[in-house]
Amino acid sequence: MPETTARPSDSLSAETLLEMYWYILLSRRLDERSWVLHRQGKIAFHISGMGHEAAQVGAAFAIHRGVDHVVPYYRDLALVLAIGVTPREFMLSLFGKEGETSSKARQMPSHWGNRRLNILSTSSPVATQVPQAAGMAFAIRYNWQTGRTDPTDSSQPRLALTCLGEGSTSQGEWHEGMNWAGVHKLPFICLVQNNNYAISVPFEQQMAVSTVAQRATAYGVHGETVDGTDVLATYDVMFKAVQRAYRGEGASLIEAKCYRLTPHSSDDDDRSYRPREEVEEAKRADALIKYESWLTERGLLTATLKAEYEARARAAVDDAQHHAEAAPYPAESSIHDDVYAEHAE
Ligand SMILES: Cc1ncc(C[n+]2csc(CCOP(=O)(O)OP(=O)(O)O)c2C)c(N)n1
Ligand SMILES: [Mg+2]
């Protein structure tokens, strides 16, 4: 008899599979609108996650969303939406309006932070969040070891997940964080979203190895490369990494191969370093189209249902935009809030 290996995603319900689809779609439509708003001169800056959504949604669904610690990077729109950030919260950050959750509208957009959802905001220098996330994982393990928390208690954070691009793994902080995670067998996952470019610098000019995942050996952590345009393949790899972390078996370095479908940001022109044919080919292999076909082949997505999802996404994007446009800017008098410590006289 041929050997069949069950994949964790085999046991996902139709409802969950469609929920994953919803977040990929919602992220894509919000992202597209953001580019339009930028071109209309309504917002100053946008940095896109298009092409990375499947990897991010696959990862989000493998963790305990809203409870486990997540330290995302700027491309993680789909990840944070799947964790519970709302389209309104995202648009408030684009417009820099009152109610923005990461920094009360002080930060650049896409520097996700959300106390309610255990999402920690990062600063702009890439990879600086890696030692911080490893430190959070250290605290989790320390609390288990000292009996302060129970590793089987799913109401508590049981791992720290951080994301970054492959180019950012050239930074010293990445190596320090990974080493720390390996030495202390931390419940820590680093998800590297490898889109082959660090702005204009291609992969082969960033490192002399052929995958990021093989660097895991140097830190004594589990390393694996996965097709990040395949939401279920990413979910499977992430699910196993998450279970290892929860069981106290240590850290993982997961490399999800993606393609950035847009320029690096609204300030970049990628025509100077990427051939158009390469971009067009990646668009044909787009994660959203691939997952739609997969769902359709299995009878889970019909033309009617797809139209319903599109209408729902459109309504959510419109609502978020109108909400952010109507919201006030932070009051001038609040400019020093959270800058200086406050002491009771
Ligand atoms: C320490 C540091 N150096 C340079 C930059 C400017 N910068 C911002 S994003 C970026 C590219 C990062 O590429 P990668 O890690 O591959 O992530 P991607 O943007 O491709 O998802 C650079 C160089 C920065 N933010 N921080
Ligand atoms: Mg990159």
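**Ground rules.** I am reading a predicted model, where local features need pLDDT of at least 70, side-chain atom pairs count only at pLDDT 80 or more, and totals for chains, interfaces and linings use all residues. Residues are numbered from 1 along each chain as its sequence is written, and side-chain values use heavy atoms, with hydrogens and water left out.

**Cores.** I looked up the largest nonpolar core and found 73 residues, with Met20, Met91, Leu161, Met238 and Tyr291 having the most contacts inside it. Such a core is a set of buried Ala, Val, Leu, Ile, Met, Phe, Trp, Tyr and Cys residues joined through side-chain atoms within 4.5 Å; buried means under 20% relative accessible area with a 1.4 Å probe, protein chains only. Helix 1 (residues 14–39) gives this core its largest share, 11 residues; helices are DSSP runs of H or I, at least four residues, numbered from the N terminus. I also noted a second, separate core of 24 residues, Trp174 and Val212 among them.

**Met91.** Leaving out residues up to four places away in sequence, I found Met91 touching residues including Leu30, Leu37 and Val317 (heavy atoms within 4.5 Å).

**Cavities.** Next I looked for cavities, sets of points on a 1 Å grid over the protein atoms alone where a 1.4 Å probe fits but cannot get out; lining residues have an atom within 4 Å of a point. I got two of 30 Å³ or more. The largest holds about 110 Å³, and Tyr73 and Ser123 are among the lining residues nearest its centre.

Definitions and conventions
Chains are lettered from A and ligands numbered from 1 in the order in which they are written. Buried means under 20% relative accessible area, exposed over 50%, partly exposed in between (1.4 Å probe, protein chains only). Helices (H or I, at least four residues) and strands (E, at least two) are DSSP runs, numbered from the N terminus. On a 1 Å grid over the protein atoms alone, a cavity is a set of points where a 1.4 Å probe fits but cannot get out, and a pocket is an open set with protein on both sides within 12 Å along at least five of seven lines; lining residues have an atom within 4 Å of a point. Grid points are joined across faces, edges and corners, and a volume is the space filled by probe spheres set on the points.
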